[in-house]
Amino acid sequence: MKKQLSLYTLLISLLFFSACTEDDVNQDCFTCETTATEYCINESDNFYTVTVDGISTEILLANELWADIRAQLVEECENPTETECFACNDSGTEYCYTTGDDFYTVEITGQDAQPIPLNDNSWAFILSSAREFCTDSIVDCYTCESEDITYCYTEGDDFYTVGNLADDCDGDNTPDYLDSDTCDSEEQILLEDQTWEEIKTQLETDCPIIEQDCYTCVSENTEYCYIEGNDFYTATNSGDATDILLNGQTWDEVKIQLENDCPSSITASIVGNWKINNFYGTTISNVTIAGETTTIESVQTAITHEAFVTFTENPNEYTGSGFITIESETDGQITTYETSPFDNGTWILDSNELTLDEQENSSIVTLLTDTTLTLLFQQTSTTEDGGVVTETILDFTQSYTRQ
């Protein structure tokens, strides 16, 4: 894989010191051997010169000591950093990462480079995604997730490779299929008389589908999921997942028992007057620009609770009043605003699904008793504007007390 050293590093890499001549005792110089770059300073000057190919540039000391500048250059020379870049020509976008950083940069032609945090992703994963979304990328890969096998084709080759997305046989944190210096741990298979597009289509068709069946106990906010072939199922509550052995039972038998053991979430009528006493949730926005996705998460919490809703029947109507104050935190920044959880309209309660005004997006009644009403609202939507794709994921909980 092509590696690109930063300009600063190139200028000072592999420096060696040369002593001044006796005829030039008031000047201190050293030379970068690999770039034939000379650095010199005269004893009384407030600048030093950098000479490359006979062209000299003066650089002010800027209140720094030459000894400190020289020591810093030597330190960076002894511990050079590597910058790796990938340019997607069709979108005019360049992605760059410097070893050791917790961010990478995205630069679109004509615009300044923007730093983007890695978060929990590796640079190899970011690079893989950038290549996948770039139409002029020289590498195209397909991963069969159920078998954890990755197939990759490099434009111009008469073969494709079979391996694992995480394979890194030389331990340099770059997957083998992106690494030109790989020790070739992947199997190579000739295209023969087929094109890569034909082979990729067949691979997608042959990839086994993961058969999964899930059941959710709404009143306990717990989801139980089973993958065909496993000897266990998984219970997930508030993001915490626990694997539970089947212990000789079938999943169908366990699922029936789970349904029977799940407490009913509705034991009273929704008709009546309710006052909000809790409101919290998250908003996650996945913004994709030129194939690169950035995730922004906000947490919303009500800090005042002066909102009401009244449900009536025959006709089934609801009426909202009052406001709540929401405190929203995004990347450490806090803003506040007022909102009304309910307006006015009609309602339908079918099983534990509460639909307002016959809209497609509805709330789940996770608890309805003589005193308490708790609603869970979840929604995912996608919009596109000028090539920018935004996926928004909402997850909110509201709790009310009967008046």
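Author: Happy to. This is a predicted model, and in it a disulfide joins Cys214 to Cys225, with an S to S distance of 2.0 Å.

Reader: Which parts of the chain does the pair Cys214 and Cys225 link?

Author: Distant ones: Cys214 is in strand β15 (residues 212-217) and Cys225 is in strand β16 (residues 222-227), 11 residues apart.

Reader: And what's the handedness of the Cys214 and Cys225 disulfide?

Author: The torsion about its S-S bond is about 110 degrees, so this disulfide is right-handed.

Reader: Is Cys225 buried or exposed? And what about Cys214?

Author: Cys225 has a relative accessible area of 13%, which is under the 20% limit, so Cys225 counts as buried. Cys214 is at 30%, which falls between the 20% and 50% limits, so Cys214 is partly exposed.

Reader: Nice. How many disulfides does a search of the whole structure find?

Author: The search turns up 5. One of them is between Cys217 and Cys262, with the sulfur atoms 2.0 Å apart. Cys217 lies in strand β15, while Cys262 sits in the loop between α5 (251-261) and β19 (272-289), so this pair ties together parts that are 45 residues apart in sequence.

Reader: Are Cys217 and Cys262 buried or exposed?

Author: Both are buried. The torsion about their S-S bond is about 85 degrees, so that disulfide is right-handed.

Reader: What about Cys29, which residue does it form a disulfide with?

Author: With Cys40, and the sulfur atoms are 2.0 Å apart. Cys29 belongs to strand β3 (residues 27-32) and Cys40 to strand β4 (residues 37-42), so the bond ties together parts that are 11 residues apart in sequence. Both cysteines are buried. The S-S torsion is about 115 degrees, so the Cys29 and Cys40 disulfide is right-handed.

Reader: OK, switching to sheets. What is the strand order in the open sheet of 4 strands?

Author: The order is β11-β12-β13-β14, with antiparallel pairing. At the edges are β11 (139-144) and β14 (187-190), each pairing on one side only. From one strand to the next, the twist averages 25 degrees.

Reader: How many bridges join β13 to β14?

Author: There are 4, between antiparallel strands, with β13 covering residues 159-163. As an example, Tyr160 has Ile189 in β14 as its bridge partner.

Reader: Which helix packs on the sheet?

Author: Helix α4 (residues 196-206) does, touching β11, β12 (149-154) and β13. Its direction makes about 15 degrees with that of β11.

Reader: Now the hydrophobic side. Which residues touch the most other members in the largest nonpolar core?

Author: That core has 22 residues, and the ones touching the most other members are Ile270, Trp274, Phe311, Phe342, Leu354, Leu373 and Tyr400. Elements that give two or more residues to this core include β19, β20 (292-312), β21 (317-330) and β27 (388-402). The largest share, 4 residues, comes from β20.

Reader: Could we zoom in on one of them? What does Leu354 touch?

Author: Leaving out residues up to four places away in sequence, Leu354 touches Ile270, Phe311, Trp347, Ile348, Leu349, Ser362, Ser363, Val365 and Leu375.

Reader: And which residues does the second, separate core include?

Author: That core has 12 residues, among them Phe86, Val106, Ile126 and Ala130.

Reader: Great, thanks for the walk-through!

Conventions
Residues are numbered from 1 along each chain as its sequence is written. This is a predicted model: local features need pLDDT of at least 70, side-chain atom pairs count only at pLDDT 80 or more; totals for chains, interfaces and linings use all residues. Side-chain values use heavy atoms; hydrogens and water are left out. A disulfide is a pair of cysteine sulfur atoms within 2.5 Å. Buried means under 20% relative accessible area, exposed over 50%, partly exposed in between (1.4 Å probe, protein chains only). Two strands pair if DSSP finds at least two bridges between them. Axes are lines fitted to C-alpha atoms, for helices over the stretch in contact, and angles run from 0 to 180 degrees between N-to-C directions. Contact means heavy atoms within 4.5 Å. A nonpolar core is a set of buried Ala, Val, Leu, Ile, Met, Phe, Trp, Tyr and Cys residues joined through side-chain atoms within 4.5 Å.
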